[in-house]
Amino acid sequence: MSTPPTTSRTGLSLVTVGLVQIYRTEGHDVAALSGVTLSVGAGEFVGLLGPSGSGKSTLLSLCSGLLRPSAGQLLVDGRNLALLTAPELDVLRATELGILLQGASRNLVPYLSCAENVAFAQGAARRHGRDDATLPDPREVLDLVGLPDADRPLAGLPAGHLQLVAIAAAIAHAPGLVLADEPTSQLDDAARDVVLEALTRVNRELGTTVVVVTHDPEVAARIPRTVTIRNGRIGAEGRSGEDFAVVTADGSLPLPPDVLRTVPPGTLLRVVETPRGIELVRVEEGEA
């Protein structure tokens, strides 16, 4: 049983309001996100699910302050990231956010040991005013994620263990919010399960808010709450593996893909209030 690092901190909340991100490519504007409104409570574990190109990784980059939104609000613990200066964002990432880029190697220094990678990751926090008393011991962090052999070099570690070291590096400074981009991609089922369990322990034992991007429905089904991103919008929310449609801020109701096969775009639907709740009734030709 792992012992939580003694400097664990309270999770941070994450709120987006009407978030828009527009890229200019080949002379055209492309909306990667089109008015995303999302609320993640402090201490939640949330998965962002969707196919490649849906906008979920863009959303994660905005939440980490690596991109600035074209419009809308993005609040971390009540602070609007769109209004922070570049130095202020640097401090936030170094002291309060844990960022896990896709691909373990992008988060690690290959010639350092497991413990040395965690210690190295704490350097930015020290440069921005954190002292050793507020930083967890690297060996405790590695033990939490399931890697007690702290002095082992990275060379020869299997892919799943490398990802565990990357997670340890992301939480090296005891952040309140961890943002992980496809942490289980290209892993076999056993390694995937180990990585998911490590992130669950970070969330459960430290109280850290965890937001994970994934395109894998099997991974999403094991996350307590999921948000499906489709075409730059929130398309559904999931609880314990069951998807629910979500009414957006402007009153729209994105329908799931299986329903759209029956009621394609352009279909007229009548909204009917019944004793059971709200029902959508297809309007047949000639009724309207």
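Visitor: How many bridges join strand β1 to strand β2, and do they run parallel or antiparallel?

Guide: They run antiparallel, with 10 bridges joining β1 (residues 14-25) to β2 (residues 28-40). Strands here are DSSP E runs of at least two residues, helices are H or I runs of at least four, and both are numbered from the N terminus. Two strands pair if DSSP finds at least two bridges between them.

Visitor: Before we go on, what kind of model is this, and what pLDDT do local features need?

Guide: This is a predicted model, where local features need pLDDT of at least 70 and side-chain atom pairs count only at pLDDT 80 or more, while totals for chains, interfaces and linings use all residues. Residues are numbered from 1 along each chain as its sequence is written, and side-chain values use heavy atoms, with hydrogens and water left out.

Visitor: Back to that hairpin. Which residue takes a positive phi there?

Guide: Glu26 does, with phi near 50°, and the hairpin of β1 and β2 has 2 residues between the strands. Within that pairing, Ile22 stands opposite Ala31 in β2.

Visitor: What joins β1 to β4?

Guide: 5 bridges, and β1 and β4 (residues 71-76) run antiparallel. For landmarks, Leu14 has Val76 in β4 as its bridge partner, and Val20 stands opposite Ala71 in β4.

Visitor: In what order do the strands of that open sheet come?

Guide: The open sheet has 4 strands in the order β2-β1-β4-β5, and the pairing is antiparallel. β2 and β5 (79-80) are the edge strands, as each pairs on one side only. As background, strands of a sheet pair through backbone hydrogen bonds, either parallel or antiparallel.

Visitor: Zooming out, how many helices and strands does the protein chain have?

Guide: The protein chain has 9 helices and 13 strands.

Visitor: How much of the chain counts as buried?

Guide: 45% of the 288 residues. Buried means under 20% relative accessible area, exposed means over 50%, and partly exposed is in between (1.4 Å probe, protein chains only).

Visitor: And the accessible surface, what does that come to?

Guide: About 14,300 Å², with 54% of that belonging to carbon and sulfur atoms. Those areas come from the Shrake-Rupley method with a 1.4 Å probe, and for residues only the protein chains shown count as cover.

Visitor: How many positive and negative side chains are there?

Guide: 24 positive and 34 negative, and the centres of the two sets lie 3 Å apart. Lys and Arg count as positive and Asp and Glu as negative, leaving out His and the chain ends. Each charge is placed at NZ of Lys, CZ of Arg, CG of Asp or CD of Glu.

Visitor: What share of the contacts is between residues 24 or more positions apart?

Guide: 65% of the contacts with a separation of 6 or more. Contact means heavy atoms within 4.5 Å.

Visitor: Let's pick some residues. Why does Thr214 count as buried?

Guide: Because its relative accessibility is 1%. Thr214 lies in strand β8 (residues 209-214). Not counting residues up to four places away in sequence, Thr214 touches several residues, including Leu48, Lys56 and Glu182.

Visitor: Where is Val91?

Guide: Val91 is in helix α2 (residues 86-95), and with a relative accessible area of 33% it is partly exposed. Beyond four places in sequence, Val91 touches Glu96 and His128.

Visitor: Last one: which strand holds Val281?

Guide: Val281 sits in β13 (residues 277-282). β13 pairs with β12 (residues 269-274) in the antiparallel sense over 6 bridges, and the two form a hairpin with 2 residues between them. In that pairing, Thr274 stands opposite Gly277 in β13.
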